[in-house]
Amino acid sequence: MTNNGTILSVNDLKTYFQTEDGVVKAVDGISFELKKGETLGIVGESGSGKSVTNLSVMRLIPEPPGKIVGGDVVFDGIDVRSLPIDEVRKIRGKRIAMIFQDPMTSLNPFLKISTQLMEVTRLHLGHTKQQAYEHAIKMLKTVGIPDAESRVDNYPHEFSGGMRQRVMIAMALSCDPELLIADEPTTALDVTIQAQILELIKDLKARMGTSVILITHDLGVVAGMTDKIIVMYAGKVFEQAPTKELFSTPANPYTRGLLRSVPDPAHEQGKELYQIPGLPPDVAHLPPGCPFAERCDRAEDICRKEFPPFVEINPDHHSLCHFAKEVYEESKVHPPTAAARANK
Amino acid sequence: MLKELSCPKCGAPVTLESERQQIVVCKFCAAPSVVDFGDREHPRLTIEESGVIDTAAAVSGTSLWGDAWKRLLKNKLAVFGLVVLAVMALLVTIGPPIFTAITGLTADYIPDDGALLKSFPPSLQHPMGTDEAGRDIFARVLQGGRISIAVGIISTIVSLIVGVSYGAVAGYMGGSIDNVMMRIVDIIYAIPYILIVIVLLSVFGGPNTQVLIAWLPSIVAGTIVGVAALLAAFWIYRRVFGEMLARSIGEKAIRLVSGIALAVGVFLLIGAATSVIGETGLGASLAERYSDRVNLGLSQIFLLFFALGLVSWLTMARVVRGQILSLKNQEFVTAAKATGVSTPAIIFRHLVPNALGPVIVYATLTVPSVMLSEAFLSYLGLGVQAPYASWGSLAADGVKNIAIFPWQLIFPGVTMALTLFSLNFLGDGLRDALDPQTRKF
Amino acid sequence: MALLVVTLTWGLIRIAPGTFYDSEKRLPPAIEANIKKKYGLDKPWYTQYFMMLGNVTCRTMAADETTLNGVQFSLGSTRVKCFDFGDSLKYEGQSVNEIIRRHLPYSATIGIIAYILALIVGGGAGLFAALRQNSIYDYGSMALAMLGLSVPNFVLGPILVLVFALGLYWVPAARWGGVLNLILPVITLSAIYAAYIARLTRAGMLEVMRSDYIRTARAKGLNETSVLLKHAIRGGIIPVVSFTGPALAALLAGTVVVERIFSIPGLGNIFIQSVLNRDEPLTLGIVAFLSVLVMLLNLIVDISYGFLDPRIRYE
């Protein structure tokens with residue numbers, strides 16, 4: 001039941017949390033679309049709301065204190081928000097799967113890997129124990145766990161970090177889901193392992209045709225993996241563009257700042273490292289106007305007073321800024337990354 | 001003392017939350033400014049340029065304790081407990097004298113009139129009734145409160161002293177010393193302690209306390225000598241064998257022999273010290289002076305303090321050791337060392353305050369458990385003796401007549417239950433307040 | 001370790017002034033001397049200590065020893081005897097082991113049933129409270145648990161008796177008999193443990209429910225019951241298991257009170273009597289026995305830890 005190949009459509013999603021400090025608007029009006037087979041990257045600093053967005057898609061937000069207060073989530077034509085919870089459970093794990101940041105704590109330390117893997121297929125695909133067991137072994141092999149037949153009965157603590165993440169990926173892909181959401185899958189891993197895991201995801205995606213949402217704070221990770229990127233800040237989408245375009249001609253000062261902060265030893269030896277000044281805002285007490293205003297190097301009065309509009313640069317490229325077009329033009333002339341500069 | 005200042009960047013009002021706050025983030029423009037307390041009365045704010053700030057300190061500016069206190073106050077049950085405890089404490093300290101002043105009755109006043117030597121139900125004259133000897137129960141409850149609470153607090157202090165020292169030493173020394181010390185704790189832990197306490201109290205209670213006192217100097221001397229000798233033995237052992245890790249049989253035999261020799265030496269030293277002190281008759285003279293000054297019932301109470309304290313120090317030691325162990329390896333200790341802070345300063349200024357949290361919580365929870373144990377012992381006849389009373393002993397006495405004179409049990413029982421209740425709530429509240437992770441939204 | 005306990009207890013009893021015979025009538029000197037000889041009381045104290053030690057553990061029997069106490073067997077031509085605590089001083093002619101054997105079942109029954117009850121009631125309550133956190137049920141059951149912790153069992157017992165036995169005639173008030181007799185003592189004994197377990201379970205479950213792996217389980221599409229029973233329980237139970245060790249030790253103390261209140265001829269009662277009477281062999285015997293029992297139970301607890309938490313198995 002797909003309409004023009006869009007597998008996930010999120011529209012003005014709002015998820016708020018009730019805390020001791022007041023209402024935290026973790027996600028405040030996010031919209032994006034994901035087509036079948038696409039990979040979407042969601043980039044942002046800690047607290048920008050990226051993880052909450054994805055938990056909201058699967059309705060995994062803990063109800064006190066959090067609540068999805070507005071917007072739509074439409075998965076393959078189904079309105080997820082209005083489904084009864086047991087219908088949502090049928091989708092979870094089967095059609096949408098999620099892998100989390102810390103493989104060490106995301107696997108149940110008390111149960112064998114085989115049990116945890118078998119759970120998914122027995123629940124959603126109706127496998128018998130034997131079938132599920134064999135399928136588990138097959139999945140482990142697919143993700144590259146050596147000696148899968150004997151290791152399948154091991155416990156999580158018997159695997160290394162990278163292996164554990166592979167196991168999580170195996171678990172997520174067991175039922176061949178249409179959408180995989182990877183929430184900072186590599187943040188807790190060593191750099192070399194990071195590359196391996198990302199390759200694995202890329203490879204599996206190509207083989208199984210899964211659509212992927214990749215969440216991270218690391219621009220390097222999304223560069224090679226994604227078709228398009230959303231940049232989030234303070235619960236809002238600040239910019240949204242196809243990957244190449246975002247990197248070469250960003251239309252938002254925040255994005256520019258992010259790109260400039262990535263150190264590039266090949267081109268910037270001897271220069272001071274760039275940092276976006278200041279700190280991410282306290283989302284419980286947002287100022288009026290643009291949330292990025294006080295850290296922005298081109299902020300003007302209007303930025304502090306009025307909330308910026310969502311400007312369309314071209315049909316695929318939007319930016320939340322009073323001066324989006326100006327920044328875009330500027331990026332054409334002065335690309336933010338040295339590499340892009342060199343390639344000009 | 002919250003000063004109202006203006007943010008240097010955007011002019012919005014900014015409040016400082018404590019006198020130690022160093023960084024302030026403007027809630028409007030999120031500009032960080034440095035607080036300059038050069039002039040105490042008029043602190044100044046200057047914009048922070050470098051952009052590298054510790055977020056946590058900046059945003060709240062309060063210390064760990066202030067924060068915890070605020071959280072504690074928000075917990076209604078804990079506040080309730082605190083209030084009740086405060087009231088109870090007040091009552092038992094000033095209650096008895098006031099009551100005596102008003103009514104002329106004391107806790108152990110036995111009326112001369114034979115007709116009054118009965119247990120009367122509550123009345124205006126006797127708000128909680130009287131017990132079988134005609135003593136006013138209200139007065140006894142107040143008096144008993146003093147003793148119960150005293151027992152609770154002092155026993156907890158005893159167990160704190162023993163437990164914290166033991167645990168801190170074990171935690172800080174680490175390595176095999178820590179191992180051995182904890183094994184000892186484990187072994188002792190497995191023993192049904194109550195049994196030992198019962199034996200201890202029944203054996204040493206009453207007139208026999210003197211014997212214990214007589215032994216005391218020897219015991220203390222023996223312990224001191226023993227600990228010193230053990231440490232010396234360890235030190236010698238390490239110095240001699242520290243560098244040699246060869247595994248030849250000859251080495252092992254030498255090690256074993258010297259180990260045994262040192263252990264024997266330690267024992268001999270302990271024995272020598274003990275008997276020497278014993279010979280001097282120091283103990284006997286102490287015992288005599290003691291019995292002259294202190295009367296029987298009171299000495300029983302002192303004994304209770306120690307006996308009960310000894311029951312709970314084990315877990316306290318474990319808690320403290322655990323804390324010290326985890327703190328020892330944290331980065332702020334390394335940082336302090338790296339900047340040249342001396343060892344005692346490290347222990348007291350850095351480790352102890354951080355270790356205090358669970359210790360306080362556990363101490364607050366030990367008090368009610370000690371009081372319950374005391375009640376239990378009173379029921380068995382081993383606790384507080386007449387004419388002194390404690391809530392436990394009052395309740396124990398009252399139990400006998402529950403069908404006929406229920407007020408004998410109800411009043412002391414309810415009072416004690418209420419106090420224990422409050423203590424538990426307070427302990428829980430403290431635990432929630434000091435450990436942020438268990439916060440409910 | 002048990003030997004340590006025995007030594008300690010023996011030492012304490014010996015140090016204390018007053019012997020068993022003070023409380024009994026004065027016997028004629030000749031008989032007294034005889035008794036002393038029989039019990040070896042005429043020998044110096046260190047000899048007595050070692051004799052006691054030998055009896056309590058294992059030693060070979062002399063040819064003319066006729067006692068039937070302890071566990072006896074033959075190794076070749078020598079007879080070996082273990083665990084002989086001698087005869088009770090008060091209860092003439094009865095060996096300590098016999099006495100223990102006779103009274104143990106009463107205490108054991110009450111104790112075991114009480115603890116199982118505590119586990120079921122407390123565990124269930126705690127589980128429920130954790131699931132419905134901050135609801136009325138949660139606050140209510142936790143308040144009730146607090147109450148259970150704050151009321152001493154010797155107060156609770158009589159109150160229960162008053163209400164249910166003497167007041168409502170639902171159950172008999174005391175003594176040993178059929179199942180009905182058991183109800184009140186068991187409830188009295190288990191109350192405080194049920195309270196503790198309820199709180200522990202609740203705290204443990206709350207902790208576990210916040211874990212990442214529970215989130216993963218939900219993300220896989222499991223319903224709440226499965227999440228609870230298959231994933232959360234394993235972690236949540238651990239604090240209760242570690243509590244079991246010291247709880248059982250404390251349970252022993254609890255039986256003392258309960259047996260007194262309900263006139264049950266159990267080991268606890270006997271123990272108190274023996275201590276007050278300075279019945280040395282009996283006291284020693286009971287203390288040693290209970291210590292060993294507790295240590296065994298602790299060992300079992302430690303082992304079951306290994307079953308529950310696979311991470312520990314390899315340490």
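The model is predicted; local features need pLDDT of at least 70, side-chain atom pairs count only at pLDDT 80 or more, and totals for chains, interfaces and linings use all residues. Residues are numbered from 1 along each chain as its sequence is written, while chains are lettered from A and ligands numbered from 1 in the order in which they are written.

Helices (H or I, at least four residues) and strands (E, at least two) are DSSP runs, numbered from the N terminus. Strand β9 of chain A spans residues 228-233. Six of its six residues are buried, so β9(A) is largely enclosed by the rest of the structure. Buried means that 20 or more other C-beta atoms lie within 10 Å of a residue's own, with C-beta atoms placed from the backbone. Lys228(A), Ile230(A) and Met232(A) point one way from β9(A). Ile229(A), Val231(A) and Tyr233(A) point the other way.

Two strands pair if DSSP finds at least two bridges between them. Strand β3 (residues 39-44) of chain A runs parallel to β9(A), joined by five bridges. Here Lys228(A) is the bridge partner of Leu40(A). Strand β10 (residues 236-242) of chain A runs antiparallel to β9(A), with six bridges. In β10(A), Pro242(A) stands opposite Lys228(A). β9(A) and β10(A) form a hairpin with two residues between them. Ala234(A), in the turn, has a positive phi of about 50°.

In chain B, Arg140(B) belongs to helix α4 (residues 137-173). Arg140(B) counts as buried because it has 30 C-beta neighbours inside 10 Å. Val185(B) lies 45 residues from Arg140(B) along the chain, and their C-alpha atoms are separated by 39 Å.

Conventions:
A residue is buried if 20 or more other C-beta atoms lie within 10 Å of its own, exposed if 12 or fewer, and partly exposed in between; C-beta atoms are placed from the backbone.
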